[in-house]
Amino acid sequence: MNQNLTRRQLLAMVGAAGGATAIYQTGMAMGVMADTGAVARLDLKNVGASKKNVVVLGAGLSGLAVAYELERAGYDVSIIEASHRVGGRSLTLRSGDIVDEMGNRQVCEFDDHPEMFFNAGPARIPGHHRRVLNYCKELKVPLIIKGNFARNAWMQDNDHFDGKPVRVGHYVADARGFLSELLYKAIDLNRFDQPLSAEDRERLLQFATTFGDLRPGGSYAGSSRAGYDEGGFLRPAVSREPKSFEALLNSNFWRRMFDGSERPDWGDPLMEVDGGMDGIVKAFVREIASPIRTNAQVQSINLTSSGVDVVYNYKGAPQKISADYCFNCIPTHFMPGIPNNLPKDYREGLAALIPGNFMKIGLQMKKRFWEEEGIFGGATNTTQPINAIWYPSHGIHGDKGVVLGAYVLFDRVKEWDRLSPKERIRLAGECGDRIHEGYSGYIESGVSIPWGRMNHMMGCGTQWTDDVRERYFKLLQQPAGGRHFMIGDQISYHSSWQEGAFASAENALLELDQRVRAESSQTGMG
Amino acid sequence: MMRRLSVCTAILLISTMAAAEEPIIPADEFVYCTVCHGVQLMGNEVLGAPRISGMDSYYVERQLRSFKEGWRGTHAQDATGREMHPMASALTDGQIGEAAAFVEATRSEAPVSTVIGDKAAGEMFYGTCSACHGTAGEGNRELNGPPLAGRNDWYLVRQLQNFRDGVRGTHPQDVYGQQMAAAMMILSDDAAINDVVAYIVSLDL
């Protein structure tokens, strides 16, 4: 069997890649309503005199969006929130804020200063999350650019390159260079059973040369893209020496780098809310006139013939609300612990979802030492337990700054959960010391937010297996008994993103609107 | 009218609760319990938090102390126990007593069965268990055997496995846990554990 790639195979591969993209785009365009691209503003029918009332369970982003929209459409809305605060996982921590971790209550001890805050939940808004952006525009929430992929930040692995950090730009330039050199040689050998045409061959060689910044003849011998070791302004530039290809390949950085920087959700430029991501929460709260009750924990949810009855505890006494409709963004994994009479398959679907787990650490640094290393925003990646360090894109050249000192996902969170908040800060500092000299010495105070241990949360990033998605997703997108809508990022394909929460809220509201319109046309009202 | 549980009323409630079926409103510091264990501590299998509604306060108190001291909930394989450990650690001695009173005062519907086992075979095994846990799984205060009826079957299975595998009941200070671990001689394999649990959940308190 011939091991060489035939020209036909090569072109077929290119064609297949293009085809997949085309199929993806077509697929996205096939939805009933726009799910990507321009998303139209909701235009819900005003219920006016019919005075329909709605109870919203949970003051997370989806619950707030529902309350905001329904209030505008003339509904009577009440919002019930179990925790002491509004916003759910959209949590920006500042001086004096409580971190209500189960068994480890902390107080944020950052300086009381407008730049000293930490987005413990959502922190990044990509340009294609149109619902988030629409709300920011409508509610006049100011946005700034947030660096995510930064060539001057670091890659660091204890087991490779002597454990020393490597500049992201250096790594990327070398990786592309080596890959291109391989491609160049393969083309140059031209050992295809049907040789490439002279034109194809020339174009591919040019492509490889440009992609990897190769020297004439197709070798990679370093690139100015890797950054300079010296000079470039008054003296000739000396590019960084290329790393060895073997070391690069063994380092495993490529696993996260090529994924992390090239997905649309993480692709620069991202945005964040000026002054903290909870600016979105505050804007909703400012606009919403309906009562929002915090420290109000739901005790039961029951569908009735004409609506939904909700009992909750508030100020030491049980309260009951009978509403026409209920919108529920309580984490699905709490639903098995709340008595309810929702349909059996619906309850099974809720119980089949697995709570995910994220942890973030925010560290107030007494000096913006990273700026002296040429880093202004963006992220360092490491194979150490902290996974990443993010540098603030705001407050540049200020005296101090708050960095993200760890961002840990799923199973790797467990080892952190077991540590006390103090031990977590110490470990984060030790990891940072291997990346930035003197790192731990700059830490003035820190907060850790393990979402799987946060009161009234106990998870983040709901996990749907393919089987569960297939069996229950559509069911849970529909209202139980036509009255109870499960919402939140948990009921979307974008769990743990604000856009997922808003998309789910929008979907439920459109469903409600359809029902209300159908009802009013039947009764001749409207 | 439902009542909010405070230190004083808790003690009152213990004696009167048998007749009362009203839901108890937890004091603020015990809302934490309901986050995982559910409304009225009805249990939540998704979070691995068992139903503890109405559990004897002496036993709850002992277990909370055991968690707090690290006699329980510190073994590397005890994932859910390790989640409980910091919760108990945050409680003062006084709060442990109050928490136990709150737990005992809660009521919820009996749990649904989830474990499949051979009840007849389980009944044979249970003969030994009944010496301490009562013939109807009602428990025996004098012998320090907690009630088993009314607990989630999946939770009983997990605990029996933990006792068998040295995950629970190995700490020298955990005297009663050690007794239970020793009693696991009769239930060596998973099938036997499922059988005996299937029998226990068939008992009606």
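Modeller: Starting from the handedness, H4(A) passes H5(A) in a left-handed crossing, a crossing being left-handed if the near helix is turned anticlockwise from the far one by less than a right angle and right-handed if clockwise. Helix H4 covers residues 168-189 of chain A and helix H5 residues 198-212, and their axes come within 8 Å and cross at roughly 165°; helices are DSSP runs (H or I, at least four residues) numbered from the N terminus, and axes are lines fitted to C-alpha atoms over the stretch in contact, with angles from 0 to 180 degrees between N-to-C directions. That angle makes H4(A) roughly antiparallel to H5(A), since angles over 145 degrees count as such. On the H4(A) side the contact is made by residues including Leu179(A), Leu183(A), Tyr184(A) and Ile187(A), and on the H5(A) side by residues including Leu204(A), Leu205(A), Ala208(A) and Phe211(A), where contact requires C-beta atoms, placed from the backbone, within 7 Å. By class, the contact has eight nonpolar, three charged and four polar residues, with Ala, Val, Leu, Ile, Met, Phe, Trp, Tyr, Cys and Pro counted as nonpolar, Asp, Glu, Lys and Arg as charged, and the others, Gly among them, as polar.

This is a predicted model, in which local features need pLDDT of at least 70, side-chain atom pairs count only at pLDDT 80 or more, and totals for chains, interfaces and linings use all residues. Residues are numbered from 1 along each chain as its sequence is written, while chains are lettered from A and ligands numbered from 1 in the order in which they are written. The mean pLDDT of chain A (the predictor's confidence in each residue, from 0 to 100) is 91, and 92% of its residues reach 70 or more. Over residues 14-32 of chain A, however, the pLDDT is below 50.

How values were computed
Contact = placed C-beta atoms within 7 Å. Helix = DSSP H or I, 4+ residues; strand = E, 2+ residues; numbered from the N terminus. Parallel < 35°, antiparallel > 145°, perpendicular 65-115°, else oblique.
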